[in-house]
Amino acid sequence: MSYRGREEPEEEEEELPQQITELAQASTPSSLRGIRACKRCGILKTMEQFVNEGCENCPFLDMADNPERCGACTTAFFEGQAAIMDPRESWAAKWIRVDTYLPGV
């Protein structure tokens with residue numbers, strides 16, 4: 001049997017679920033030096049990331065492109081860290097009360 005004359009159906013690209021898309025956008029600190037925590041939600045990033053992107057969980061703080069605001073709304077003093085990749089399904093996220101936030105550290 002030969003399949004050469006037979007046309008194969010084109011594979012359709014599946015659209016990713018919104019949850020997977022959100023997980024792909026998760027922000028993690030790009031460096032271990034100079035990590036700061038958002039004073040409201042506790043997400044960890046470098047100062048440069050806060051200035052460039054702001055805080056995904058607290059957009060109303062308007063930290064993007066405002067270094068002064070980033071300095072006022074973040075702190076270098078924090079205890080511990082937890083990497084949460086799927087906050088809605090994670091028991092650890094529920095335990096530390098971050099299950100409504102976006103994925104991150």
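These legends go with several close-up views of a predicted model.

View 1. The average pLDDT for the chain is 79, and 74% of the residues reach at least 70.

**View 2. Lys45 and Glu53 form a salt bridge.** Here the closest N and O atoms are 3.1 Å apart. Lys45 has a relative accessible area of 0%, so this residue is buried.

View 3. Distant parts of the chain are linked here: Lys45 belongs to strand 2 (residues 44–46), Glu56 sits in the loop between helix 2 and helix 3, and the two are 11 residues apart. Glu56 is partly exposed, with a relative accessible area of 29%. Through shared partners, salt bridges join Lys45, Glu53 and Glu56 into one network. The count of salt bridges comes to 2.

**View 4. Asp65 has a positive phi, although this residue is not a glycine.** Its phi is near 60 degrees. Look for Asp65 in the loop between helix 2 (47–53) and helix 3 (67–73). Relative accessibility is 65% for Asp65, so the residue counts as exposed.

**View 5. Arg97 is another residue other than glycine with a positive phi, near 60 degrees.** You can find Arg97 in the segment after helix 4 (91–95). Arg97 is exposed, as its relative accessible area of 70% is over 50%.

Definitions and conventions:
Residues numbered from 1 in each chain as written. Predicted model: local features only at pLDDT ≥ 70, side-chain atom pairs only at ≥ 80, totals over all residues. Heavy atoms only, no water. pLDDT = per-residue confidence, 0-100. Helix = DSSP H or I, 4+ residues; strand = E, 2+ residues; numbered from the N terminus. Buried < 20%, exposed > 50% of the residue type's maximum accessible area, 1.4 Å probe, protein only. Salt bridge = Lys/Arg side-chain N within 4 Å of Asp/Glu carboxyl O.
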